[in-house]
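Here is a short briefing on how one protein chain is put together. Keep the structure open while you read.

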Amino acid sequence: MNQKEILERLKGGLIVSCYAGPDFNEEMGKPETMVCVARSCIAGGAKAIRTNWENVAAVKAAVDVPVIGLKKIYKSGDMITGDFRITPTLREVEELLKAGADGVAVDGTIRERYDELTLEQFIRAVKKEFDAFVIADISTVEEGVAAWNFGADMVGTTLSGYTPYSKNPLPFGHLPSPEPDYEIIRELRDAGVSYIVAEGRITNGEKMRKALDAGAHSVVIGTSITEPRKIVKTILMDAGF
């Protein structure tokens, strides 16, 4: 599946993040579970699946939509407190593509990298060596513009709010979930980024529509669909428990 085909399939559509593993959503961290979730999401109208390395091969074998793979590498800690990067080196890119991913999500932030390459060298190497579809996950407009200029096919707002230097830093898993960052979508479009994936704190169709209207090419929703534990916590919190 080439770049043009993936972009066309994703246009105006919903990507569901089926992320589950020992670091996050561990109760559902089995490939067979994520396959069932992915199939159900596709049956409901999702245009693509985003999932972690542990589940890529099984999910890809079960669905006929683009599968975007990622692999989080931790230097310390866990999902909430840890220092991690998203698909930070060429090794992880190769593993994801060998597992069957149609594209990869990579870390596009200015944080310390886990290899000897600059972000520009890394993205250009991914394109040259693997000819892979690349989504750069960023936390600021400046990061998004840089990743786009370095050759990323799309820029994702996944990390907006989740780096210390984000405009409004937030802890992972914060409840109640704050509003999505619509402003960064508009600013990225105004800065010349053509293809934006809106991700982060989008919990329903109204918020998805706002993200698309702000200029997103497509939208990712994860927790609100694929993590029952947090869904239940949110319902109980809203009910006053």
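**Strands, helices and rings**

Five bridges join strand β6 (residues 103-107) to strand β7 (residues 133-137), and the two strands run parallel. Keep in mind that this is a predicted model. The points below start with the barrel, then turn to the helices and the aromatic rings.

**The barrel**

- Strands of a sheet pair through backbone hydrogen bonds, either parallel or antiparallel.
- Eight strands close into a barrel here, and their pairing is parallel.
- The order around the barrel is β1-β2-β3-β6-β7-β8-β9-β10.
- On average, neighbouring strands of this sheet are turned by 25° against each other, direction ignored.
- Which residue of β7 is the bridge partner of Asp107? The partner is Asp137.

**Helices on the sheet**

**Helix α2 with helix α3**

- Helix α2 (residues 31-43) packs against α3 at an angle of about 45°.
- The axes of α2 and α3 are 9 Å apart.
- The two helices are therefore oblique to each other.
- The crossing of α2 past α3 is right-handed.
- On the α2 side, the contact is made by Pro31, Met34, Val35, Ala38 and Arg39.
- On the α3 side, Glu54, Asn55, Ala58, Val59 and Ala62 take part.
- Sorted by class, the contact of α2 with α3 has seven nonpolar, one polar and two charged residues.

**Helix α4 with helix α5**

- The axes of helix α4 (residues 90-99) and helix α5 (residues 119-130) come within 11 Å.
- These axes cross at roughly 35°.
- The crossing of α4 and α5 is right-handed.
- Helix α4 brings Leu90, Val93, Glu94 and Leu97 to the contact.
- Helix α5 brings Phe122, Ala125, Val126, Glu129 and Phe130.
- The contact of α4 with α5 has seven nonpolar, no polar and two charged residues.

**Helix α6 with helix α7**

- How do the axes of helix α6 (residues 141-150) and helix α7 (residues 182-190) meet, and at roughly what angle do they cross? They come within 9 Å and cross at roughly 40°.
- That angle makes α6 oblique to α7.
- Helix α6 passes α7 in a right-handed crossing.
- Val141, Gly144 and Val145 in α6 meet Ile184, Glu187 and Leu188 in α7.
- By class, the contact of α6 with α7 has four nonpolar, one polar and one charged residues.

**Aromatic rings**

- A pair of aromatic rings is described by the distance of the centres and the angle of the planes.
- The count comes to three aromatic pairs.
- One of them is formed by Tyr74 and Phe84.
- The rings of Tyr74 and Phe84 are 5.3 Å apart, centre to centre.
- Their planes are at 45°, and the pair is tilted.
- Tyr74 lies in strand β4 (residues 72-76) and Phe84 in strand β5 (residues 83-86), so the pair ties together parts that are ten residues apart in sequence.

Conventions: Residues numbered from 1 in each chain as written. Predicted model: local features only at pLDDT ≥ 70, side-chain atom pairs only at ≥ 80, totals over all residues. Heavy atoms only, no water. Pairing = 2+ DSSP bridges. Helix = DSSP H or I, 4+ residues; strand = E, 2+ residues; numbered from the N terminus. Axes fitted to C-alpha atoms, helices over the stretch in contact; angles between N-to-C directions. Parallel < 35°, antiparallel > 145°, perpendicular 65-115°, else oblique. Left-handed = near helix turned anticlockwise from the far one by under 90°. Contact = heavy atoms within 4.5 Å. Nonpolar A, V, L, I, M, F, W, Y, C, P; charged D, E, K, R; others polar. Phe/Tyr/Trp six-rings, centres within 6.5 Å; stacked < 30°, edge-to-face > 60°.
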